[in-house]
Amino acid sequence: MSNAHPQPDPSPNLGEESCGKEMIAPVTADDHRLARLAAIAIALSAVETALPSPLPGVKPGLANIVTLIVLYRFGLRDAAWVSGLRVVAGSLLTGSFLSPGFMLSASGACASLLALAAARYLPRTQFGPVSLSVIAAFAHMSGQLVVVRLWLIPHAGIAYLLPVLYGAALLFGTMNGLIAMRLMMRNAPHGPVT
Amino acid sequence: VNRFPQRNLLPGDALVLAVCSTLVAWLAVVNWGKDAGDTLIVHSGDNPVRELPLSRDTIEGVAGPLGITRVQIEQRRARVLSDPGPRQYCVRQGWISRPGESAICLPNQVSIEVGGVRGFDSLNY
């Protein structure tokens, strides 16, 4: 996947129209693409905050579909950017920046990216997006639970919820993986997502 | 470049799903399975008056200021079968079976509590 990564534009648009010349880092086509993808992820996570959840921490995690597709299309670096931008900008959108909920999604996103960084070396002929999605969902839940256990609820009682939480991770991980697979298929209804 | 001709799950996906399902099932067994109660402690007033094994089905009467409260044990569960109190909260509470669970008939000063090795209870801790 890394060789599919497009090289940064050699003559980047310096962003004169909005940023002026004092802007140090030029805005590249790469940045625009990342911003577009992150915007989709942010929109999905914003939609999700409107859904009622039986337990804090149990959410479909639809934005991870975007992360997964970006990982396949553009590699881990871009997936990390999209995921990070989604966590930060998504929390600004809902006013939860630096709140416990933000810490949970940040730790979950970090853990899930670490797991994906390892899981992308699984042989492609045997392990598809569903595998990566489920692995990422379990890692996401584990990352959240580490923060919950060490900081928010420093008590062994949360063990009682583990089967429910990981069951939800399994369910939604599978679901998101199937959606990502459908979206990337060559003969998807509206053509493959790029 | 589309690398996704596949429309179904791959063998590795099935493996990942199987491993993760097993993990969830194992977590359920480990965290939910073991803390079933083994005794029922019955109080009348301040004093424990009976300690009954949950393994033996029985119906016992316990005397209180208002009359007899009847306690039933069946299939390792316990409940207050009948109570002379006016509001019947302890009767309507139904079956209890986990260590630490209790039903209290306040007017008649009778209470039952399941005893046994209990796991942590995050709500009451």
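Helices (H or I, at least four residues) and strands (E, at least two) are DSSP runs, numbered from the N terminus. I note first that this is a predicted model: local features need pLDDT of at least 70, side-chain atom pairs count only at pLDDT 80 or more, and totals for chains, interfaces and linings use all residues. Residues are numbered from 1 along each chain as its sequence is written, and side-chain values use heavy atoms, with hydrogens and water left out.

**Entry 1: helix α1 of chain A**

I checked the length of helix α1 (residues 29–49) of chain A. The expected span is 1.5 Å times one less than the number of residues. For the 21 residues of this helix that gives 30 Å, and the end C-alpha atoms are 30 Å apart, which agrees.

Next I looked up burial (buried is under 20% relative accessible area, exposed over 50%, partly exposed in between; 1.4 Å probe, protein chains only). The buried residues of α1(A) include L34(A), L37(A), A41(A) and I42(A). I find the buried residues of this helix packed against α2 (63–74) and α3 (76–94) of chain A.

**Entry 2: salt bridges**

I used this rule: a side-chain nitrogen of Lys or Arg within 4 Å of a carboxyl oxygen of Asp or Glu. How many salt bridges are there over all chains? The count comes to five.

D30(A) and R33(A) form one, at 2.3 Å, N to O. They sit three residues apart in helix α1 of chain A, so about one helical turn separates them. R33(A) also meets D78(A), at 2.9 Å, N to O. That pair links distant parts of the chain, 45 residues apart, with R33(A) in helix α1 and D78(A) in helix α3 of chain A. Both R33(A) and D78(A) are buried.

E60(B) is in strand β3 (residues 58–63) and R50(B) in strand β2 (residues 47–53), so the bridge ties together parts 10 residues apart in sequence. Shared partners join D30(A), R33(A), R77(A) and D78(A) into one network.

**Entry 3: nonpolar patch**

I looked for a nonpolar patch (residues with over 30% relative accessible area and no salt bridge, nonpolar side chains joined within 5 Å). One of about 940 Å² includes V88(A), F97(A), W151(A) and L152(A). Which helix gives the most to the patch? It is α5(A), with four residues. L152(A) lies in α5 of chain A and is partly exposed, at 33%.

**Entry 4: V24(B)**

I placed V24(B) in helix α1 (residues 11–32) of chain B. Buried or exposed? V24(B) counts as buried, because its relative accessibility is 13%. Its contacts (heavy atoms within 4.5 Å) include F138(A), P163(A) and L170(A).

How values were computed
Chains lettered and ligands numbered in written order. Patch = residues over 30% accessible without salt bridge, like charges linked within 9 Å, V, L, I, M, F, W, Y side chains within 5 Å. Areas by Shrake-Rupley, 256 points an atom, 1.4 Å probe, with all protein chains shown as cover. Lists of a residue's contacts leave out its neighbours within four places in sequence.
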